[in-house]
Amino acid sequence: MKRRFILLLFAALSLYVKAEDEDYVSKFLQSSKKEQSGDIPGAISIMTTVYTDCYEKYIRLGELHYKNNDYISALRSFQLALEFKPRSVEAYLLVVQAGARLKDWKLVGDSYDKILDIDPDNKTALYYRGLLHYNTKQYQLSKQKLDHLIELYPLDYDGVLLLAWCNYHIGFNTRAKKLFNLALCINSESKSAREGIKMCEKK
């Protein structure tokens, strides 16, 4: 009797999960159709009726809110997604996008730090964390991130150029000039690299 009850329970749960999955997929498809027709609020409205709370639901909602220029709601959705997958680099990069729109640079910087905790060699996070430090004149911190980046991507133009400027501001003139010349070799039209070389020569 007990075994029969367990089998019936499993059967009922299976039907429930199947129905829930079908509803989940159906709502995603309906939302996508609304989005394609240009009805972003309608696409959002459908997604809010998805019964299942999950990572995919909140990423989708966040992207729709972002597309609708509602960056606060987008950020909230991406943060909810992270509650389901706290190591998702993808979600943190979306948090960065929404945070940048809101000009919340602390949040942006903290999110890049989280990414680097998860993936220390992440190229995007290394460069932009370095850039944020550079923009706040924290040149040593910027240099740390960019040195790491250039070890992995020695001919990355943006990384080499920014590292050259970091070295220049720190006072490492010889190193800066060498990096400016490398940046110029990578991109022969670089006005910033040519300017950096001239400034090094004046010192």
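1. With a relative accessibility of 64%, Lys137 counts as exposed, where exposed is over 50% relative accessible area, buried is under 20% and partly exposed lies in between, computed with a 1.4 Å probe on protein chains only. Lys137 sits in the loop that joins α7 (123-135) to α8 (139-152), and its phi is positive, at about 60 degrees, although Lys137 is not a glycine.

2. The model is a predicted one, in which local features need pLDDT of at least 70 and side-chain atom pairs count only at pLDDT 80 or more, while totals for chains, interfaces and linings use all residues. Residues are numbered from 1 along each chain as its sequence is written, and side-chain values use heavy atoms, with hydrogens and water left out.

3. The protein chain has eleven helices and zero strands, where helices are DSSP runs of H or I with at least four residues, strands are runs of E with at least two, and both are numbered from the N terminus. Of its 203 residues, 41% count as buried. Among contacts (heavy atoms within 4.5 Å) between residues at least 6 apart in sequence, 43% join residues at least 24 apart.

4. Lys103 lies in the loop between α5 (89-101) and α6 (105-118), and it is exposed, with a relative accessible area of 62%.

5. How do the axes of α2 and α3 cross? Helix α2 (residues 40-47) and helix α3 (residues 55-67) have axes that come within 10 Å and cross at roughly 160 degrees, the axes being lines fitted to C-alpha atoms over the stretch in contact and the angles running from 0 to 180 degrees between N-to-C directions. That makes α2 roughly antiparallel to α3, since angles over 145 degrees count as roughly antiparallel, under 35 as roughly parallel, 65 to 115 as roughly perpendicular and the rest as oblique. The contact is made by Ile40, Ala43, Ile44 and Met47 of α2 together with Lys57, Arg60, Leu61, Leu64, His65 and Lys67 of α3.

6. Phe84 is placed in helix α4 (residues 71-84) and is partly exposed, at 39% relative accessible area. Leaving aside neighbours within four places in sequence, Phe84 is in contact with Asp53, Cys54, Tyr55 and Tyr58. Glu56 is 28 residues away from Phe84 in sequence, and their C-alpha atoms are 9.3 Å apart.

7. The aromatic pairs come to seven, counted where ring centres of Phe, Tyr and Trp (its six-membered ring) lie within 6.5 Å, with planes under 30 degrees apart taken as stacked, over 60 as edge-to-face and the rest as tilted. The rings of Tyr134 and Tyr139 have centres 5.3 Å apart and planes at 65 degrees, so this pair is edge-to-face, and both residues are buried. Trp165 and Tyr168 form another edge-to-face pair, at 5.7 Å centre to centre and 85 degrees between the planes.

8. Trp165 and Tyr168 are three residues apart in helix α9 (residues 157-170) and are therefore separated by about one helical turn. Trp165 is buried, with a relative accessible area of 11%, and Tyr168 is buried with a value of 11%. Elsewhere, Tyr112, Tyr127 and Tyr128 form one aromatic cluster.
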